[in-house]
Amino acid sequence: MKDGQFITLGIETSCDETSAAIVADGRKILSNIILSQTEWHEKFGGVVPEIASRKHLESICAVVEKALSKAKVSFEDIDLVAVTHGPGLIGALLVGVSYAKAVAYAIKKPLIGVNHIEGHIYANFLENDFEPPFICLVVSGGHTHLVYMEDHGKYKVLGRTLDDAAGEAFDKIARALGLGYPGGPLIDKIARMGDENTIAFPVARIKENDLDFSFSGLKSAVLNFLNHNKQKGNPVKVEDVAASFQKAVVTALVENTFEAAKRVNSQVIALAGGVAANSRLRKELQERAGNNLEVRFPPVQLCTDNAAMIACAGYYRYKQGFSSDLSLDAYANLKLF
Ligand code: KG4
Ligand code: ZN
C-alpha cells in the first residue's frame, strides 16, 4: 500500500517488448516503462525468439527499477505482482514469469498469472471508469476475436479468424511491399498517402450470418497482384496497395463488429490489441457508430504490448479471488476463450 492505494507491479515479456508498470487501485498508471527490441529484430524482418529471450533477460531488472523509481514506490509498497504467463514466445515469457516469481517470493506478496489477451482487453479500463458489458474486437499480431465481455473475467466468443490474425496480415503484406517490420504502423502511415479505392481487394465473408474472419484470401490476392505486376514490368504505387489492403481488412473487421453488437444488443464497442492502434480502423468505427453507439479504444501507446494493461487485468483477477503460486508456469498457447 502507498498513500492508501493498492499497488500492482505488472510485468510483460511475451514478445519483443520488455515492460514493467506500477498501477494504483487497478486503473491509475503511476509508471509504464516499455523497452522495445525492434532495432534487434528488424534486420531479420520479424521477431527472432532467441534474441527476444536474451534481450528480456538483459533488461528486465533495469526496466522494473525504472518503473519503481518513476512511480516513486519501493518494492515494500507493492501489494500484488501480475505477470503475463501466455500466450507468447515461450523463452520470452519464462523471463518475466521467473522474475515475477522471485520478486513475489522475496517481498512475500501475492502473485497472479495473466493471459496476455485479457491484458489487451483491460487496457480499455486504464485511467477511466469504463465497465462491462460491451463488444470487444481483439486484434493483435496473433489473435483476431470478436468477444462479448459480459462482466469482469466473463467472455463469450462470437467470432474468430479461421486463418491469419489481422496483425499477421499487416506484417506479411508490409514485408511484401518492402516496408519492413513491424508492418502495421508502417502500412498505417504510408496508406495515408495513397488512394484506397484504386484496387478492389476481396473482403472475405465466410458465410451469411457468420461472424468469423478470414484474411488468407486477401493476403494471397495482394501477393498475386504484386507478382503479376512485377512479371509484366508494371510500376506499382506502394501507397495505393497499402491503402487498398488496409481498407479491405478494416471493412471486414468493422462489418462483423457492428453485426456482433446488433446481435447481443450492445450499445458499446471497444477495441483491443496492437491493430487497435490503426487510425483507419478507429476512424471507421467512430464514423459508423455516429451517435447511436459508443466506441472506446485505448490510447495508441496502450494498444500495443505494455505492462500497465497486465497490472490492470491482474488486479481484477485477484479481486475475483484468483491467485497463482510459485508453481506458475509459462504457456506459449495459453487460451482465454
Ligand atoms: O498486441 P500486439 O502489440 O502484440 C501481440 O500481442 O501480437 O500487436 C502487434 C501487432 C503487429 O502485427 C503490428 O503490426 C500490429 O499489431 N499493429 C498495427 C498498428 N500498430 C501495431 N496494425 C495496424 N495498424 C497499426 N497502427
Ligand atoms: Zn499483445
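Predicted model: local features only at pLDDT ≥ 70, side-chain atom pairs only at ≥ 80, totals over all residues.
I78 has a relative accessible area of 0% and is therefore buried, where buried means under 20% relative accessible area, exposed over 50% and partly exposed in between, with a 1.4 Å probe and protein chains only as cover. I78 is found in the loop between α2 (49-71) and β4 (80-86); helices (H or I, at least four residues) and strands (E, at least two) are DSSP runs numbered from the N terminus.

Residues are numbered from 1 along each chain as its sequence is written, chains are lettered from A and ligands numbered from 1 in the order written, and side-chain values use heavy atoms, without hydrogens and water.

T13 lies in the loop between β1 (7-12) and β2 (17-24). A polar atom of the T13 side chain is 3.2 Å from the backbone nitrogen of G96.

Ligand 1 lies between domain 1 (7-124 + 303-319) and domain 2 (132-297), because both give residues to the shell around the ligand; the domain bounds come from an automatic or database domain assignment. Of the 18 residues around ligand 1, H120, G141, D171, G184 and D188 come nearest, a residue being near if one of its heavy atoms lies within 4 Å. The shell divides into four nonpolar, eleven polar and three charged residues. In this division Ala, Val, Leu, Ile, Met, Phe, Trp, Tyr, Cys and Pro are nonpolar, Asp, Glu, Lys and Arg charged, and the others, Gly among them, polar.

| Protein atom | Ligand 1 atom | Distance |
|---|---|---|
| H120, polar side-chain atom | oxygen | 2.8 Å |
| D171, polar side-chain atom | oxygen | 2.6 Å |
| G184, polar backbone atom | oxygen | 2.9 Å |

Taken alone, ligand 1 exposes 550 Å², of which the protein buries 88%; areas come from the Shrake-Rupley method with a 1.4 Å probe. Elements giving two or more residues to the shell are α4 (116-122), α5 (166-176) and α6 (183-191).

The largest nonpolar core has 46 residues, of which F215, F245, L253 and L281 touch the most other members. Such a core is a set of buried Ala, Val, Leu, Ile, Met, Phe, Trp, Tyr and Cys residues joined through side-chain atoms within 4.5 Å. Elements that give two or more residues to this core include α5, α6 and α8 (238-263). The largest share, 13 residues, comes from α8.

Definitions and conventions: Polar contact = N/O pair within 3.5 Å; in protein donor to acceptor, adjacent residues only side chain to side chain.
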